Amino acid sequence: MTDTIRRYFEAFNANDKEAMLGCLTEDVAHHVNEGQVREGRALFAEFCEHMARCYDETLTEMVLFEAGDGTRGAAEYMVNGTYLETDAGLPEARGQSYRLPAGSFFTLRDGKIARVTTYYNLADWMAQVR
């Protein structure tokens, strides 16, 4: 199970959206920090395109965790990013750099990610980019 999660994050760091999508079930539930749940790979792909336009991020200091039955896992990591384009409702982008801890939680089904929930401190991020 951690192999699937590792491949997902390796694809993220490589900016390889197709490889990320390949790690997901067709009906994946994507729980966005401070946002709505997006269901399905198509909405996940739209989210990835939006994020790539507004942010350039690399995840480091990755630690993966796995539940004993192989159906759930988690990751803790550091987000290292640059704010590229102003995102609606957020401060103006001027190429600001940021670094903040984050975590993701996963449900796996048949070797693919069926749910991903990501958390980070939005107030911390906003303070860094203001």
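Two strands are taken to pair if DSSP finds at least two bridges between them. On that basis this predicted model contains an open sheet of 6 strands, arranged in the order S2-S1-S6-S5-S4-S3 and with mixed pairing. Because strand S2 (37-39) and strand S3 (55-66) stand at the edges, each with a single partner strand, one side of each is left without a neighbour in the sheet. On average, and with direction ignored, neighbouring strands of this sheet are turned by 20 degrees against each other.

S1 and S2 run antiparallel and are joined by 3 bridges, with His 31 having Val 37 in S2 as its bridge partner. These two strands form a hairpin with 5 residues between them, and in the turn Glu 34 has a positive phi of about 60 degrees. With S6, in contrast, S1 pairs in the parallel sense over 4 bridges, and there His 30 has Val 116 of S6 as its bridge partner.

Helix H1 (residues 2-13) touches strand S1 (24-31), S3, S4, strand S5 (97-109) and strand S6 (112-120), and its direction makes about 165 degrees with that of S3. Helix H3 (residues 41-54) lies across S1, S2, S3, S4 and S6, running at about 55 degrees to S1.

What, then, makes up the largest nonpolar core? It has 31 residues, and those with the most contacts inside it are Tyr 8, Phe 9, Phe 44, Tyr 98, Phe 106, Ile 113 and Trp 125. The largest share of this core, 5 residues, comes from S5. Phe 106 illustrates the contacts: when residues up to four places away in sequence are not counted, those it touches include Ile 5, Tyr 8 and Phe 9, as well as Ala 74, Ala 75, Ile 113 and Val 116.

The model also leaves open space. The largest pocket holds about 990 Å³ and is lined by 39 residues, of which Phe 12, Phe 47, Met 51, Tyr 55 and Glu 57 lie nearest its centre. At least two residues of this lining are supplied by each of H1, helix H2 (17-22), H3, S3, S4, S5, S6 and helix H4 (122-129).

Terms used. Residues numbered from 1 in each chain as written. Predicted model: local features only at pLDDT ≥ 70, side-chain atom pairs only at ≥ 80, totals over all residues. Heavy atoms only, no water. Axes fitted to C-alpha atoms, helices over the stretch in contact; angles between N-to-C directions. Contact = heavy atoms within 4.5 Å. Core = buried A, V, L, I, M, F, W, Y, C linked by side-chain atoms within 4.5 Å. Buried < 20%, exposed > 50% of the residue type's maximum accessible area, 1.4 Å probe, protein only. 1 Å grid on protein atoms, 1.4 Å probe; cavity = no way out; pocket = protein on both sides within 12 Å on 5 of 7 lines; lining within 4 Å. Points joined across faces, edges and corners; volume = space filled by probe spheres on them.
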